[in-house]
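Trainee: I have a structure open and would like to learn how to read its features. Could you take me through them one at a time?

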Amino acid sequence: IPKKYDEFASWHARCFGTKREDLASVSEFMSLQAARHPGNFQKPGDCLSAADVLASPRVAGTTNLYECAKRADGAAVVLVCSPEFARSRGSLFKCVPILGIGEASGALMPESRHIGAHAVPIHLAARRAMLKAGVRSAREIGWFGLYDCFPVAFLSALEQVGLCGYGEAGSWVAGAIRKVRAGGKVPVNTHGGL
């Protein structure tokens, strides 16, 4: 799996000029986000830097150990119910309406012959969800939870949902790191990712 995502990262670098440091910075950003979350593994004093990531053992050509998703089990629950059910349980104040959903599927991992900007078809799922919700731009959305098994998957997701243009994800992450380090909030993967 790391080798397949590494091929995708190499393509992204050739096509958009993504630097090795851009990829390593994704783990730094996730580490900073995780440190802010009270239920996460990462604590404030344990944050990774891009230099730490680059110094970790190499797993594939442009992928180091600290860029791979951690082996850990977890769970999340989204209970879908009617307002009446929530009201009967005294939980209506916790409810969030679902305005739209979207789904798309592709290969389990990027395949060499299909590597490109949409090797992982996030754009289709995002477009479908936004259309159903009546949302025209990612800027209208207040929080994102994007898949980040490897840095290139996260960079591609940022581009595909429209948080930045294609080839601009490395700069987006650098800006997000600056903002978090300055005490600001970035409403993307606030759980700290994988």
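Mentor: We will go through confidence, helices, salt bridges, surface and a few single residues in turn.

Trainee: What is the average pLDDT of the protein?

Mentor: This is a predicted model, so confidence is read before anything else. Where pLDDT is low, the predicted coordinates should not be read in detail. Here the protein averages a pLDDT of 89, and 93% of the residues score at least 70.

Trainee: In which helix is confidence lowest, and in which is it highest?

Mentor: Confidence is lowest in H4, with a mean of 90. It is highest in helix H7, residues 169-181, at 97.

Trainee: Now helices. How many residues does H5 have, and how far does it reach?

Mentor: A span can be compared with the one expected at 1.5 Å a residue. H5 has twelve residues and runs 16 Å from its first C-alpha to its last, close to the expected 16 Å.

Trainee: Which residues of H5 are buried?

Mentor: Start with the general idea. An α-helix has 3.6 residues a turn, so residues three or four places apart point the same way. In H5 the buried residues are Ile 122, His 123, Ala 125, Ala 126, Ala 129 and Met 130. They sit on the same side of H5, because they cover an arc of only 165° around the axis.

Trainee: Which exposed residues does the face of H5 turned away from the buried side carry?

Mentor: That face carries Arg 127, Leu 131 and Lys 132, which are exposed.

Trainee: How many residues of H2 are buried?

Mentor: In H2, 15 of the 17 residues are buried, so this helix is largely enclosed by the rest of the structure. As for its length, H2 reaches 26 Å from first C-alpha to last, close to the 24 Å expected at 1.5 Å a residue.

Trainee: Next, salt bridges. How many are there?

Mentor: The cut-off to keep in mind is a side-chain nitrogen of Lys or Arg within 4 Å of a carboxyl oxygen of Asp or Glu. By that rule there are three salt bridges.

Trainee: How far apart are N and O in the salt bridge of Glu 7 and Lys 3?

Mentor: The N to O distance is 3.2 Å. Glu 7 and Lys 3 are four residues apart in helix H1, residues 2-16, so about one helical turn separates them. Glu 7 counts as partly exposed because its relative accessibility is 21%, whereas Lys 3, at 57%, counts as exposed.

Trainee: Which residue does Glu 67 form a salt bridge with?

Mentor: The partner of Glu 67 is Arg 20, and their closest N and O atoms are 2.5 Å apart. Glu 67 lies in the loop between strand E2 and H4, and Arg 20 in helix H2, so the pair ties together parts that are 47 residues apart in sequence. Glu 67 is buried, with a relative accessible area of 3%. Arg 20 is also buried, at 19%, where the cut-off for buried is under 20%.

Trainee: And which residue forms a salt bridge with Arg 181?

Mentor: That residue is Glu 28, and the closest N and O atoms are 2.8 Å apart. This pair links distant parts of the chain, with Arg 181 in helix H7 and Glu 28 in helix H2, 153 residues apart. Arg 181 is exposed, with a relative accessible area of 51%, whereas Glu 28 is buried, at 10%.

Trainee: How far apart in space are Gly 192 and Phe 29?

Mentor: A pair like this has two separations to read, one in sequence and one in space. Gly 192 and Phe 29 are 163 residues apart in sequence and 8.0 Å apart in space, C-alpha to C-alpha. Gly 192 is in the segment after H7 and counts as buried, at 8% relative accessibility. For another pair, Phe 16 and Gly 134 are 118 residues apart in sequence and 31 Å apart in space, again C-alpha to C-alpha.

Trainee: Last, backbone angles. What is phi of Asn 189?

Mentor: Phi of Asn 189 is near 45°, a positive value in a residue other than glycine. Asn 189 is in the segment after H7, and at 0% relative accessibility this residue counts as buried.

Note on methods
Residues are numbered from 1 along each chain as its sequence is written. This is a predicted model: local features need pLDDT of at least 70, side-chain atom pairs count only at pLDDT 80 or more; totals for chains, interfaces and linings use all residues. Side-chain values use heavy atoms; hydrogens and water are left out. pLDDT is the predictor's confidence in each residue, from 0 to 100. Helices (H or I, at least four residues) and strands (E, at least two) are DSSP runs, numbered from the N terminus. The expected span of a helix is 1.5 Å times one less than its number of residues. Buried means under 20% relative accessible area, exposed over 50%, partly exposed in between (1.4 Å probe, protein chains only). The arc is that of the directions from the helix axis to the C-beta atoms.
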